[in-house]
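My entries follow the order in which I looked things up.

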Amino acid sequence: MMPTEQTLQWVADFVIRHALCPFAAVPFKEGKVGAEVINSEDFEEAFYAALAQVQSLLDVAPDTLETTLLVFPGDLLSDFETFLDFVYTFEEALAETGADELIQLAHFHPNYCFEDVAEDDPGNLTNRAPLPVLQLLRTGSVAAVVAGYPDVALIPGRNVARMRELFGN
């Protein structure tokens with residue numbers, strides 16, 4: 001299975017199935033979730049390829065493409081700490097350019113582990129994906145769906161509890 005197919009299958013079979021993101025199902029079913037592979041094994045090259053995808057998302061109307069999943073199938077970001085460094089650097093670049101006003105990030109990794117949480121805690125499953133993934137979300141779209149959803153702040157805790165209930169602990 002291709003990395004994009006594998007990632008989109010994970011969205012359908014895990015994220016949507018377990019309602020981890022109450023906002024994911026509609027754009028997914030409407031075909032407004034894109035997935036792009038970043039194959040580079042060079043940090044800087046991968047970084048600029050990811051930045052180019054920010055512009056690509058912004059160049060398309062939201063009613064055509066709502067969000068893009070950047071999939072990193074190689075070894076470059078297979079280490080979780082390296083992945084986090086990449087994410088933080090990317091967030092800084094968005095902030096420095098003002099693109100953080102337009103794009104918000106979510107990130108997922110096969111070895112995702114929340115700070116001060118045991119590595120084997122099922123709560124980590126909320127952010128574990130089959131491959132390293134950086135999700136580009138339109139801030140305007142996020143704001144719109146969040147405004148209509150009660151208790152958004154409770155979603156992460158609810159998800160952790162659901163994973164612990166389903167997968168032990």
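**Entry 1: the sheet.** I took two strands as paired if DSSP finds at least two bridges between them. The model I examined is a predicted one. On that basis I found an open sheet of four strands in the order E1-E2-E4-E3, and its pairing is mixed. I noted strand E1 (33–37) and strand E3 (103–108) as the edge strands, since each pairs on one side only. From one strand to the next, I recorded a twist that averages 20°.

**Entry 2: the neighbours of E4.** I then looked up what strand E4 (residues 133–138) pairs with. Six bridges join E4 to E3, and the two run antiparallel. Within this pairing I located Leu 105 opposite Leu 136 of E4, and I found Arg 138 of E4 to be the bridge partner of Ile 103. Strand E2 (residues 67–71) is joined to E4 by five bridges, and these two also run antiparallel. There I saw Val 71 standing opposite Val 133 of E4.

**Entry 3: burial of E4.** Is E4 enclosed or open to the outside? I found six of its six residues buried, so E4 is largely enclosed by the rest of the structure. In a regular strand, side chains alternate between the two faces of the sheet.

Entry 4: I noted helix H4 (residues 80–97) lying across E3 and E4, at about 180° to E3. Helix H5 (residues 139–147) also lies across E3 and E4, and I recorded about 75° between H5 and E4.

**Entry 5: aromatic pairs.** I listed eleven aromatic pairs in the structure. I placed Phe 23 in the loop between helix H1 (3–16) and helix H2 (25–29), and Tyr 149 in the loop between H5 and helix H6 (155–167), so the pair ties together parts 126 residues apart in sequence. Phe 23 is partly exposed at 22% relative accessible area, and Tyr 149 is partly exposed at 27%.

I also recorded Phe 47 and Tyr 48 as an edge-to-face pair, 5.3 Å centre to centre with 85° between the planes. Phe 47 is buried, at 9% relative accessibility. Finally, I noted one aromatic cluster formed by Phe 43, Phe 47, Tyr 48, Phe 72, Phe 86 and Phe 90.

Technical notes. Residues numbered from 1 in each chain as written. Predicted model: local features only at pLDDT ≥ 70, side-chain atom pairs only at ≥ 80, totals over all residues. Heavy atoms only, no water. Axes fitted to C-alpha atoms, helices over the stretch in contact; angles between N-to-C directions. Contact = heavy atoms within 4.5 Å. Buried < 20%, exposed > 50% of the residue type's maximum accessible area, 1.4 Å probe, protein only. Phe/Tyr/Trp six-rings, centres within 6.5 Å; stacked < 30°, edge-to-face > 60°.
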